Each structure stands twice: as structure tokens, then as C-alpha cells.
Amino acid sequence: TSDEFDSEEAHRIGLVQEIVPAGEETNRAIEIAHIICEGAPLAVQATKASSLIYATQGESACIAAFGPKQAELAASEDAIEGIASFKERRKGNFSGK
């Protein structure tokens, strides 16, 4: 509709996950990047690939690719480490395998 709206409205309707004070965008982006980097690399890569499939091929293609990828990830060493680290309440030590 080309209606303009502010960040509060963008947040309310789900276009953004959070709002940060002006000038803090880069700092918050770096904080989020650090959180992502702590995750299992295979899962991070799969999430990025899934987003690309959705953006370029659509929802149906993304859903179709999800099952096989999920099975592959569940069989990985990182999945075992993820469960162990959760049970032991520690950060994961992921290998990308």
C-alpha cells in the first residue's frame, strides 16, 4: 500500500524481531552474530540454505527439502554433542561433523 510506518509498527506486525536504540544497530548485529557462531555449524549452514531455498524456490520446495536435511543433521556428531551439552548445561563443543 506504500503506507509508511515506524519501527514499533514493524515490530508489532512481525517484520522485525527487536528494536534497538539508534546507533546501536551494529553492536547488536555483532552480538547476534556471536550467538549464531556458538551454534552447531551444520545447523547454521542448513538454516542459511533453507532460507535461500525459500527465497528462490518457494515454500513448497523449502518444506520438501526439510525432511531429508533434518534426518542428516539428526545423524551428525554435532547433534549428539548438542543433546549432551544441553543435558550437562554447558556450551556445545561442535565439530561440524
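Among the elements that cover the buried residues of helix H5 is helix H3, where cover is judged by contact, meaning heavy atoms within 4.5 Å. Helices (H or I, at least four residues) are DSSP runs, numbered from the N terminus. The structure is a predicted model, in which local features need pLDDT of at least 70 and side-chain atom pairs count only at pLDDT 80 or more, while totals for chains, interfaces and linings use all residues. Residues are numbered from 1 along each chain as its sequence is written, and side-chain values use heavy atoms, with hydrogens and water left out.

Helix H5 spans residues 77–87, and its buried residues are Asp-78, Glu-81 and Ser-85. Here buried means under 20% relative accessible area, exposed means over 50%, and partly exposed lies in between (1.4 Å probe, protein chains only). Seen down the axis of H5, these buried residues fall within an arc of 60 degrees, so they line one face of the helix; the arc is that of the directions from the helix axis to the C-beta atoms. On the other side of H5, the exposed residues are Ile-80, Ile-83, Phe-86 and Lys-87.

Leaving aside residues up to four places away in sequence, Ser-85 touches Arg-90, Lys-91 and Gly-92. Gly-82, also in helix H5, has 24% relative accessibility and so counts as partly exposed. From C-alpha to C-alpha, Gly-82 and Glu-24 are 31 Å apart in space, and 58 residues apart in sequence.

The segment after H5 contains Arg-89. This residue has a positive phi of about 55 degrees, although it is not a glycine. With 80% relative accessibility, Arg-89 counts as exposed.

Attention now returns to H3 and its packing against H4. Two packed helices are described by the angle between their axes and the distance between the axes. Helix H3 (residues 41–57) and helix H4 (residues 59–74) pack at an angle of about 165 degrees, and their axes are 8 Å apart. Axes are lines fitted to C-alpha atoms, for helices over the stretch in contact, and angles run from 0 to 180 degrees between N-to-C directions. H3 and H4 are therefore roughly antiparallel to each other, a term for angles over 145 degrees.

On the H3 side, the contact is made by Leu-42, Ala-43, Ala-46, Ser-50, Ile-53, Tyr-54 and Gln-57, and on the H4 side by Glu-59, Ala-61, Cys-62, Ala-65, Lys-69 and Leu-73. By class, this contact of H3 with H4 has nine nonpolar, two polar and two charged residues. Ala, Val, Leu, Ile, Met, Phe, Trp, Tyr, Cys and Pro count as nonpolar, Asp, Glu, Lys and Arg as charged, and the others, Gly among them, as polar.

Key. Helix = DSSP H or I, 4+ residues; strand = E, 2+ residues; numbered from the N terminus. Parallel < 35°, antiparallel > 145°, perpendicular 65-115°, else oblique.
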